[in-house]
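Okay, thanks everyone, I'll keep this short.

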Amino acid sequence: MIQNETIEVSPVQQQDYTQWLEYWVAYQNFYQVNLPLHITKMTWDRFFDEKEPIYCAVAKNKEGILGFVTYMFHRSTWAENNYCYLEDLYVSPEVRGRHIGKQLIEYVQKQATEHSCERLYWHTQESNQTAQKLYDWIAQKPGVIQYRMSLN
């Protein structure tokens with residue numbers, strides 16, 4: 001990739017599936033999870049269902065996809081307008097450090113603003129120091145601790 005090359009962030013398209021899937025699997029590997037294929041297919045299908053409030057955008061150059069972001073809008077008991085939750089963000093290791101993750105977040109920020117959201121937020125693992133460098137640069141860390149309870 002050339003340093004001054006133009007990167008376009010846009011909604012994922014059906015023809016992006018093969019490249020997106022490669023990054024989706026790499027993202028799962030990073031977090032040491034292995035989602036069943038039916039979950040991956042359901043997730044993919046939701047991106048194109050107008051009734052679903054979940055979206056995916058990809059960062060591309062002329063060679064193809066460099067990364068993706070998924071996000072959704074939801075109600076909150078703490079605000080009049082929706083919140084926007086950035087659920088997944090992945091950038092190819094070969095192009096990290098070139099502000100592609102920042103561009104993907106800014107794309108979601110724009111979508112959240114256009115939908116009159118009160119807040120854009122996301123989580124990351126404590127061990128993901130690389131991502132935290134970006135997040136600490138562009139956002140505020142509120143000091144929230146997340147707890148999980150499996151319901152399966």
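I'll take the cysteines to begin with, then the salt bridges. Keep in mind that this is a predicted model.

Now look over at C117. Its closest cysteine sulfur is again in C84, at 5.2 Å, and that's too far for a bond, because a disulfide needs the two sulfurs within 2.5 Å. C117 counts as buried too, with 17% relative accessibility.

On to the charges. We've got three salt bridges in the structure. One of them pairs D16 with K60, with the closest N and O atoms 2.8 Å apart. What does that pair tie together? Well, D16 lies in the loop between strand 1 and helix 1, while K60 is in strand 2, so the bridge links parts that are 44 residues apart in sequence. As for the two ends, D16 is buried, at 4% relative accessible area, whereas K60 counts as partly exposed, at 24%.

Then there's helix 3, residues 100-114. E106 and K102 form a salt bridge there, 2.4 Å from N to O. They're four residues apart, so about one helical turn separates them. E106 is partly exposed, at 36%.

K110 and E114 also meet in a salt bridge, at 3.8 Å. Both lie in helix 3, again four residues apart, about one turn. K110 is partly exposed, with a relative accessible area of 48%.

Note on methods
Residues are numbered from 1 along each chain as its sequence is written. This is a predicted model: local features need pLDDT of at least 70, side-chain atom pairs count only at pLDDT 80 or more; totals for chains, interfaces and linings use all residues. Side-chain values use heavy atoms; hydrogens and water are left out. Buried means under 20% relative accessible area, exposed over 50%, partly exposed in between (1.4 Å probe, protein chains only). A salt bridge is a side-chain nitrogen of Lys or Arg within 4 Å of a carboxyl oxygen of Asp or Glu. Helices (H or I, at least four residues) and strands (E, at least two) are DSSP runs, numbered from the N terminus.
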